Every structure is written in C-alpha cells, then in structure tokens.
Amino acid sequence: MVTGARRGIGLAMAEALAGAGADIVAVSAQLEDSGSEVEQRVTKLGRECLCLSADFADRGQIMRLAAQLADLDRPIDILVNNASTIARPGRRAPRRRLGPRRGSRPEQPVRPQP
C-alpha cells in the first residue's frame, strides 16, 4: 500500500514496487477509482492496482479506508507512508489530533501468546 500515490514520490514508489513484482493499493486524497496515472503505470508493468481515495486529515475518511482495507482478500505486506498535508498560502493546515485525548489512559499493549 502506498499513500500519497497520486504524484511525486508516492507515484514513483508505487511504480518501483510494481516493477519489483508487487500488486499495489494506491491511496491519495484526490485519486480516481479507475484510469489514474498510478493505475496505468502499475498495470502496464503487469501488476494489479486498487485505487482508493482518502484524505488522512479527515477521521471519517480514515475509518472508511480502514473498512475497505479489512475487506481485501489479501493482507497488506508493505506500507509506504507517504501521505502529507500541504499548507497553501491563505489556508492553514488542519490541527486535529488523531491520537488519544490528553488525560486518557493508553490501552494496554497486546502481548503475543506463547
């Protein structure tokens, strides 16, 4: 899975992984479901490409993406975490915390069973 796969480093990583034999799950905030440049490059290399749109600054979209990923027939073996938020002039980047709220008790770590 490559986040931020619509252009730049994410697009290059998706293409390189496909060239090495990996099928790709491409995720980006503004990615077409079909016909995108990343899909064209990956399928040209003989690999499968699933394109999903998700804005990582939006908790609802993250939850929807997680549900879509849970429905896949195969697990995600590689994650290229390349998504980012770009602050544009006149627009502030989101300042939302996605982790636990201050003062909340962290969950206990899961320990593998012997």
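Predicted model: local features only at pLDDT ≥ 70, side-chain atom pairs only at ≥ 80, totals over all residues.
User: Let's start with the layout. How many helices and strands does the protein chain have?

Analyst: Happy to begin there! The protein chain has three helices and three strands. Read from the N terminus, they follow the order β-α-β-α-β-α.

User: How should I think about nonpolar side chains before I look for a core?

Analyst: In soluble globular proteins, such side chains tend to be buried together. In this model, 24% of the 114 residues in the protein chain are buried. The largest nonpolar core holds 14 residues. Val2, Ile24, Ala26, Val38, Val42, Cys49 and Cys51 have the most contacts inside that core.

User: Which elements give two or more residues to this core?

Analyst: They are α1 (8-19), β2 (24-28), α2 (37-44) and β3 (49-53). Helix α1 provides the largest share, with four residues.

User: Could we zoom in on one residue? What does Ile24 touch, leaving aside residues up to four places away in sequence?

Analyst: Good one to pick. Ile24 touches Ala14, Leu17 and Ala18, along with Val42, Glu48, Cys49 and Leu50.

User: And which residues does the second, separate core include?

Analyst: That core has six residues, among them Met1, Leu52, Ala54 and Leu65.

User: Stepping back to the whole chain, what share of contacts with a separation of 6 or more comes from residues 24 or more positions apart?

Analyst: Such pairs account for 60% of those contacts in the protein chain.

Technical notes:
Residues numbered from 1 in each chain as written. Heavy atoms only, no water. Core = buried A, V, L, I, M, F, W, Y, C linked by side-chain atoms within 4.5 Å. Buried < 20%, exposed > 50% of the residue type's maximum accessible area, 1.4 Å probe, protein only. Contact = heavy atoms within 4.5 Å.
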